[in-house]
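Dear colleague,

I am handing over the structure below, together with its sequence, and after it you will find my notes on what turned up when I went through it. Please read them with the model open beside you.

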Amino acid sequence: MTATESRVKDLPIILPEPSEATSGEQVEQATEEWVEKFRGYYDQWGTLLQQNLDRLSRGSYSLHWLDTEHTHWGTRVQPSSRGLTAADIDRPKVYGTLPEHTEWRNFAPRGSARDLYKDAMPVIEGYDVLDKSHLWADNVNTLYEEAKVRQWNSTTDIPWSELEPVSEELEKAACQLSTFLTEVEFVAGDFPSRWVWRTAPDFFEVNNFLTTQMVDEARHMEVFRKRAMAGAGGLMHPSPAFEWALKAILESPTHSQGTFLLNVLGEGLVLSIFRAGEFLSKTHVDKEIFRLCMQDEARHVSYGTLEFKAYLDAAADRERALADMHRFADIGEQIILTALSEPALLESVAVLMGGSVAEIDEGMEGVGFLWSTIVEEYLQRCDRAGFSRRDRCTIPLEFPWAA
Ligand SMILES: [Fe+2]
Ligand SMILES: [Fe+2]
């Protein structure tokens, strides 16, 4: 077994999620279980409901909500120069202090008079991400604000009607790269979605940002799918080897580990490709697509880097956390190797850089430069997070297949 094979054999495996109800029989059974479960809650739900019905039938009002004793009544939040931002409303400590660990597994807002109702409220079992260290990043509020103002629309912001024809092989390469990117964008959107619904609402700042990432990735998937079709080419070949790397990202055991794989490693690689858009684009339409996607991707990479730093900084036993992450990164770095040896990506990029299939060797020189940039930028992000991989990086620092 080669070193690569044995590393890939150690990929983190998690058990499959219980399958969702799909067939008629499954829906019937799931409905039965839901009804039984909520009948079981009647003691608590029904008691509260009955109290409210009794009060109304007596012609009384509760008006308990006028009592501000357990609230932070009178705390005013002040808008800054850009308006009332996410950071502004976190400025008062009573509202903006996030717990290191939360036991609030329901929807009662952080900062409300919720302590009074603790025992009366339901537990949402699905909320099992309860530690700040698994998702917080110091830049998350800033990135959320930026994401809201920098949204764009692939329907109207790309000058599709100006897409000029290029040679058939260049169009094939552009369509192949678009197919690869479409594939990648699916996992980039699905990964945060898997964790948002598990994250307790006390960490809503992170969930809000991750929701913008999901919208961004949906738009990226959409724009590359459109690009493949807009030049009368079409969707080309999927990338089987890279699909295994995408699976490893999606099925990461923890949010922090997955964020390292997706945002630091995978999206770092994609960001470098978008930055090289100047050399990959044969039309100004392609340049505009890469430019707009690059802005979004930079936010995702920036979140991932600071989330990873915050995770390591918060670790009770930093040496152990570092050792675990080094083991994880030994596998994770195979994502870069797998992407840049996947012919669907490597060769389409080389043809776009070279200018034709005949000039693929010249294009490979450009890919070599891209490789060094990707690996160096990845190592810089690791440095920034306090995680030096320079002596342990499992992939070559220089492009191994120079023509
Ligand atoms: Fe993306
Ligand atoms: Fe992204």
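This is a predicted model: local features need pLDDT of at least 70, side-chain atom pairs count only at pLDDT 80 or more; totals for chains, interfaces and linings use all residues.

Gly-277 belongs to helix α11, which covers residues 277-280, and once its neighbours within four places in sequence are left aside, its contacts are Lys-287, Phe-290, Arg-291 and Met-294. Cys-393, by comparison, stands 116 residues from Gly-277 in sequence, and the two C-alpha atoms are 27 Å apart in space.

Ser-178, which is found in helix α7, has 26 other C-beta atoms within 10 Å and is therefore buried. Apart from neighbours within four places in sequence, Ser-178 touches Phe-224, Arg-227 and Ala-228. Pro-109 is 69 residues away from Ser-178 along the chain, and their C-alpha atoms are separated by 42 Å.

On the α7 side the contact is made by Glu-169, Leu-170, Ala-173, Ala-174, Gln-176, Leu-177 and Phe-180, and on the α15 side by Ala-344, Leu-345, Ser-348, Val-349, Val-351 and Leu-352. Sorted by class, the residues of this contact between α7 and α15 are 10 nonpolar, 2 polar and 1 charged.

α15 has a further partner in helix α16 (residues 360-384), with the two axes 7 Å apart and an angle of about 105 degrees between them. That angle makes α15 roughly perpendicular to α16. In this contact, Leu-346, Glu-347, Val-349, Ala-350, Val-351, Leu-352, Met-353 and Gly-354 of α15 meet Ile-360, Glu-362, Gly-363, Met-364, Gly-366 and Val-367 of α16. The contact of α15 with α16 comprises 9 nonpolar, 3 polar and 2 charged residues.

Helix α3 (residues 42-57) has 16 residues, of which the number buried is 0, so α3 lies largely in the open. Gly-59, which follows α3, has a positive phi near 75 degrees.

As for the chain as a whole, there are 16 helices and 0 strands, and of its 403 residues 33% count as buried. Its C-alpha atoms fill a box of roughly 85 × 55 × 50 Å, taken along the principal axes. Where contacts between residues at least 6 apart in sequence are considered, 77% of them join residues at least 24 apart. The chain is divided into domain 1 (24-62), domain 2 (63-120) and domain 3 (132-384), and the centres of domain 1 and domain 3, taken over C-alpha atoms, are separated by 45 Å.

With best wishes

Terms used:
Residues are numbered from 1 along each chain as its sequence is written. Chains are lettered from A and ligands numbered from 1 in the order in which they are written. Two residues are in contact if their C-beta atoms, placed from the backbone, lie within 7 Å. Helices (H or I, at least four residues) and strands (E, at least two) are DSSP runs, numbered from the N terminus. Ala, Val, Leu, Ile, Met, Phe, Trp, Tyr, Cys and Pro count as nonpolar, Asp, Glu, Lys and Arg as charged, and the others, Gly among them, as polar. Domain bounds come from an automatic or database domain assignment. A residue is buried if 20 or more other C-beta atoms lie within 10 Å of its own, exposed if 12 or fewer, and partly exposed in between; C-beta atoms are placed from the backbone. Axes are lines fitted to C-alpha atoms, for helices over the stretch in contact, and angles run from 0 to 180 degrees between N-to-C directions. Angles under 35 degrees count as roughly parallel, over 145 as roughly antiparallel, 65 to 115 as roughly perpendicular and the rest as oblique.
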